[in-house]
Amino acid sequence: CACGEQLCDCGARHPWRGWHGWCRLNCDQEHASWGFDGGAWQANQPCQLAASNEEVVSSIVSRIPIVSAMQEELTAVLALMHGQQKQTIAGRDFWLGQLHGREVVVVLSRIGKVAAATTATVLIERFGVQSLVFTGVAGGLHADAQVGDVVVATEFLQHDMDASPLFPRYEIPLTGASRFKTDVNLSEQLIAAVKTALPAVRVHSGLVVSGDRFVSTKQESDSL
């Protein structure tokens with residue numbers, strides 16, 4: 001199984017070894033690895049980083065993760081994929097395949113911030129992803145946003161985060177921050193991709209807010 005990678009003390013990257021196991025980091029070219037057979041530690045396994053393994057790692061790292069919260073959103077993505085293979089991990093079905101010639105892993109996170117965080121953690125731990133694309137429908141709060149428009153986030157905020165009076169409303173405790181910026185290059189690439197693939201669709205960019213409840217009243221919409 002090579003479903004991710006670890007950076008070893010020797011400076012090389014190694015595919016994870018074993019079933020849900022990985023290469024431990026105590027190197028003079030030997031590694032303790034965890035094997036599935038009996039759940040026992042297998043110590044001092046020789047490190048053999050062959051060219052083929054490097055190719056596997058390169059493929060894993062370049063795989064693009066695409067996440068949706070609802071099945072209808074995921075189904076639309078899966079319909080465009082080729083060569084689908086399913087892996088079930090931590091109660092999630094991860095679909096590996098190709099989308100427009102690129103290697104992708106697609107997954108349903110389910111609804112809610114905890115569900116999204118759990119899914120993102122598995123993508124990082126098991127698939128070694130370094131970025132993440134979340135796609136789906138959303139409510140438009142800006143006066144210029146219309147049904148069918150595309151919004152690309154430049155920063156995020158949790159609209160139901162409130163640990164006051166210990167911390168200011170919206171601030172994530174102990175971080176000193178309420179807004180979290182996206183990767184500028186990735187956001188620009190997404191905007192360019194939308195303009196190429198959907199030239200007739202309007203594209204907006206800016207702050208995206210999320211929470212664990214649907215905003216369904218005008219009063220709350222106006223307040224946000």
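Let me start with an open sheet of 3 strands, in the order 11-10-12 and with mixed pairing. Strand 11 (180-181) and strand 12 (203-210) are at the edges with a single partner strand each, so one side of each has no neighbour in the sheet. Strands here are DSSP runs of E, at least two residues long, and helices are runs of H or I of at least four, all numbered from the N terminus. Two strands pair if DSSP finds at least two bridges between them.

Before going on: this is a predicted model, where local features need pLDDT of at least 70 and side-chain atom pairs count only at pLDDT 80 or more, while totals for chains, interfaces and linings use all residues. Residues are numbered from 1 along each chain as its sequence is written, and side-chain values use heavy atoms, with hydrogens and water left out.

Back to the sheet. Strand 10 (residues 150-158) and strand 11 run antiparallel and are joined by 2 bridges. Phe 156 has Phe 180, in strand 11, as its bridge partner. Helix 4 (residues 184-197) packs on the sheet and touches strand 10 and strand 12; contact means heavy atoms within 4.5 Å. The direction of helix 4 makes about 150 degrees with that of strand 10, using lines fitted to C-alpha atoms, for helices over the stretch in contact, and angles from 0 to 180 degrees between N-to-C directions.

Next, helix 2 (residues 71-78). Which of its residues are buried? They are Glu 73, Leu 74, Val 77 and Leu 78, where buried means under 20% relative accessible area, with a 1.4 Å probe and protein chains only. These residues cover an arc of only 135 degrees around the axis, which puts them on the same side of helix 2; the arc is taken from the directions from the helix axis to the C-beta atoms. Their cover includes strand 5 (64-68), strand 6 (82-89), strand 7 (92-99) and strand 8 (102-108).

In helix 3 (residues 113-127), the buried residues are Ala 115, Thr 119, Val 122, Leu 123, Arg 126 and Phe 127. They fall within an arc of 100 degrees, so they line one face of helix 3. Gly 128 follows helix 3 and has a positive phi, near 65 degrees.

Last, the structure holds 1 aromatic pair. The ring centres of Phe 94 and Phe 127 are 5.2 Å apart and the planes stand at 40 degrees, so the pair is tilted. Rings of Phe, Tyr and Trp (its six-membered ring) pair with centres within 6.5 Å; planes under 30 degrees apart are stacked, over 60 edge-to-face, the rest tilted. Phe 94 is in strand 7 and Phe 127 in helix 3, so the pair ties together parts 33 residues apart in sequence.

Note on methods: The expected span of a helix is 1.5 Å times one less than its number of residues. Buried means under 20% relative accessible area, exposed over 50%, partly exposed in between (1.4 Å probe, protein chains only).
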